[in-house]
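Subject: Structure for your review

Dear colleague,

Please find below the structure I promised to hand over. My notes on what was found in it follow directly after it.

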Amino acid sequence: KLWRCQLTADISGRRTEAREKVLELLRTEKDLPPSVATGAMMCLASDAAGQGDHEAERKYLLKAFTIAPKSAQDAVLHSLAFCHRALKDYRGAVRYMELAAALMKPGDPTNASVLYNLAILQKNDGRLDEALVSIRSALKINPESWNLQMIEAGYMVLKGEKEEGMKKFLLI
């Protein structure tokens with residue numbers, strides 16, 4: 001049912017109808033598995049974000065986190081981090097992404113993207129030193145990433161290490 005609601009919103013563009021059906025699903029289905037209930041809350045949060053209502057998005061995401069199975073917690077934390085970024089609460093955004101980073105599994109190649117996102121949010125919060133640490137940790141996981149290399153060079157320039165940052169740009 002949830003999947004159909006999401007398809008209704010995505011393919012046909014009937015977002016209001018889909019939103020109402022997701023809310024109805026949450027109201028009427030009393031024994032929803034936590035993964036489905038979390039997915040429904042995430043769907044509603046995404047819909048709220050699409051409407052620019054980041055306070056409502058945050059409320060749905062917080063509710064999603066309270067019911068999320070362990071396997072979905074990192075996705076909810078990522079969404080909360082970028083919700084707070086949209087709210088211009090950069091410190092809160094970093095905190096949620098730090099929690100997502102705490103859930104990283106050793107050796108998982110997707111850790112590089114978690115660290116990349118953490119670095120972006122740290123930079124937004126004016127914490128360039130920490131952002132560079134995160135980017136360099138991500139580069140250890142994925143040293144061939146052109147994007148990570150470019151961001152490292154750019155953050156070095158922003159931090160005042162202009163000459164070294166520009167050298168990295170030239171090498172890239």
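Helix α5 covers residues 70-86 and helix α6 residues 90-102; they pack at an angle of about 165°, with their axes 7 Å apart. Axes here are lines fitted to C-alpha atoms, for helices over the stretch in contact, and angles run from 0 to 180 degrees between N-to-C directions. Helices and strands are DSSP runs numbered from the N terminus (H or I, at least four residues, for helices; E, at least two, for strands).

α5 passes α6 in a left-handed crossing, meaning that the near helix is turned anticlockwise from the far one by less than a right angle. On the α5 side the contact (heavy atoms within 4.5 Å) is made by Asp 74, Leu 77, His 78, Leu 80, Ala 81, Phe 82, His 84 and Arg 85. On the α6 side it is made by Tyr 90, Gly 92, Ala 93, Tyr 96, Met 97, Leu 99 and Ala 100. These residues divide into 10 nonpolar, three polar and two charged; Ala, Val, Leu, Ile, Met, Phe, Trp, Tyr, Cys and Pro count as nonpolar, Asp, Glu, Lys and Arg as charged, and the others, Gly among them, as polar.

Two residues in this region deserve a separate note. Lys 88 lies in the loop between α5 and α6 and has a positive phi of about 65° although it is not a glycine. With a relative accessible area of 59%, Lys 88 is exposed. The classes are buried under 20% relative accessible area, exposed over 50% and partly exposed in between (1.4 Å probe, protein chains only). Tyr 90, in helix α6, counts as partly exposed at 26% relative accessibility. Leaving aside neighbours within four places in sequence, Tyr 90 is in contact with Arg 85, Asn 124 and Asp 125. Its C-alpha atom is separated by 7.7 Å from that of Gln 122, 32 residues apart along the chain.

The residues of the contact of α2 with α3 comprise eight nonpolar, no polar and three charged.

Helix α3 itself spans residues 34-50; its 17 residues should span 24 Å at 1.5 Å a residue, and its end C-alpha atoms are 24 Å apart, which agrees. The expected span is 1.5 Å times one less than the number of residues. Buried residues of α3 include Ala 37, Thr 38, Gly 39, Ala 40, Met 41 and Cys 43. Thr 38 counts as buried because its relative accessibility is 2%. Beyond its neighbours within four places in sequence, Thr 38 is in contact with Ala 64, Ile 67, Ala 68, Pro 69, Ala 72 and Val 76. Just after α3, Gly 52 takes a positive phi of about 80°.

Helix α9 (residues 146-159) has 14 residues and reaches 20 Å from its first C-alpha to its last, close to the 20 Å expected. Its buried residues are Leu 148, Ile 151, Glu 152, Ala 153, Gly 154, Tyr 155 and Met 156, and what covers them includes α7 (111-124), α8 (128-141) and α10 (162-171). Gly 160, which follows α9, has a positive phi, near 105°.

For the chain overall, there are 10 helices and zero strands. Its C-alpha trace spans about 60 × 30 × 30 Å along the principal axes. Buried residues make up 38% of the 172 residues. Among contacts between residues at least 6 apart in sequence, 43% join residues at least 24 apart.

Residues are numbered from 1 along each chain as its sequence is written, and side-chain values use heavy atoms, with hydrogens and water left out. As the model is predicted, local features need pLDDT of at least 70 and side-chain atom pairs count only at pLDDT 80 or more, whereas totals for chains, interfaces and linings use all residues.

With kind regards
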